[in-house]
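Please open the model in your viewer and keep the selection tool ready.

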Amino acid sequence: LFCLAAAKRSLGDPRAAVDAYERALKLRPAMADAKHNLAAALAEAGDLEAAAARFEANVGGDPAEEARRLSGLGVVYKRMGRLEDAADAFDESLTLVADSRTMAYRGNVAALLGDLSDAERRLAAAAAAALKPRDRADALNSRGVVLEALDRRGEAADCYDRALAAVPGHAKAQANRDALL
């Protein structure tokens, strides 16, 4: 059932994935991956309240699993407009594991909260720490947006170019680069 749920989720059917994860958890209630993925699938299906409740209830586990839970919770809080709660969840996650994607999420929340200098610093650190090209490109693109807001257009263009070098065809970086010209 876990594999079926993962397949449904990857095929873009989060509601079917939710059903399959719930059935999997009836058979193996302690399965951490199923708990996390159920919460994520609920968020993808647009049920943010239920997703937040699931992430909030899944407390425990080793530091890496707890960091993953807190990061997922932060993403849901951000989508709910609960920016301070999102910042807190990301900060707590980062005390456990310095994950570049969570660092970027936290930088984006700082920007939404209006602290562009903090956002720029966090996004620069996320891009530097990223091991995967997609994560580096996403952080660089977000940093470029923040640099534009700080009226640092040359540095923003450089970020978009670096994002495109990391992931050729990165749609957001390309659109932002084109709009900057």
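Begin by selecting Glu-66 and Arg-69, which are both buried, where buried means under 20% relative accessible area, exposed over 50% and partly exposed in between (1.4 Å probe, protein chains only). The model is predicted, so that local features need pLDDT of at least 70 and side-chain atom pairs count only at pLDDT 80 or more, while totals for chains, interfaces and linings use all residues. Residues are numbered from 1 along each chain as its sequence is written, and side-chain values use heavy atoms, with hydrogens and water left out.

**Stop 1: a pair in helix 5**

Helices here (H or I, at least four residues) are DSSP runs, numbered from the N terminus. What joins the side chains of Glu-66 and Arg-69? They meet in a salt bridge, 2.7 Å from N to O; a salt bridge is a side-chain nitrogen of Lys or Arg within 4 Å of a carboxyl oxygen of Asp or Glu. An α-helix has 3.6 residues a turn, so residues three or four places apart point the same way.

Leaving aside residues up to four places away in sequence, Arg-69 touches His-36, Phe-55, Glu-56, Asn-58 and Val-59, contact meaning heavy atoms within 4.5 Å.

**Stop 2: further salt bridges**

The structure holds 15 salt bridges. For another of them, select Asp-118 and Arg-121, whose closest N and O atoms are 2.5 Å apart. Asp-118 and Arg-121 are separated by about one helical turn because they stand three residues apart in helix 8 (residues 116–129). Is Asp-118 buried or exposed? With a relative accessibility of 14%, Asp-118 counts as buried.

Asp-138 is partly exposed at 32% relative accessibility, and Arg-134 is partly exposed at 46%. Elsewhere, select Asp-91, Arg-106, Asp-118, Arg-121 and Arg-122 together: salt bridges that share partners join these residues into one network.

**Stop 3: Asp-135**

Remain in helix 9 (residues 133–149) and select Asp-135. This residue counts as buried, since its relative accessibility is 14%. The side chains of Asp-135 and Arg-101 are joined by a polar contact of 3.0 Å. A polar contact is a pair of N or O atoms within 3.5 Å; within protein, one must be able to donate a hydrogen and the other to accept it, and residues adjacent in sequence count only if both atoms are side-chain atoms. Not counting residues up to four places away in sequence, Asp-135 touches Ser-100, Arg-101 and Ala-130.

**Stop 4: the faces of helix 6**

Select Leu-83, Ala-86, Ala-87, Ala-89, Phe-90 and Ser-93, the buried residues of helix 6. Why do they line one face of the helix? Seen down the axis of helix 6, these residues fall within an arc of 165°, so they line one face; the arc is that of the directions from the helix axis to the C-beta atoms. The buried residues of helix 6 pack against helix 5 and helix 7 (100–112). On the other side of helix 6, Glu-84 and Thr-95 are exposed.

**Stop 5: the nonpolar cores**

The largest nonpolar core has 27 residues, and those with the most contacts inside it are Tyr-21, Leu-38, Phe-55, Val-76, Tyr-77 and Val-109. A nonpolar core is a set of buried Ala, Val, Leu, Ile, Met, Phe, Trp, Tyr and Cys residues joined through side-chain atoms within 4.5 Å. Helix 3 gives the most to this core, with seven residues. Select Val-76 and its surroundings: apart from residues up to four places away in sequence, Val-76 touches Ala-43, Leu-48, Ala-51, Ala-52 and Phe-55. Another core, of 21 residues, lies apart from the largest one, and includes Leu-140, Leu-147, Ala-157 and Val-167.

**Last stop: Lys-26**

Finally, select Lys-26 in helix 2 (residues 14–27). Lys-26 is exposed, with a relative accessible area of 71%.

How values were computed: Helices (H or I, at least four residues) and strands (E, at least two) are DSSP runs, numbered from the N terminus.
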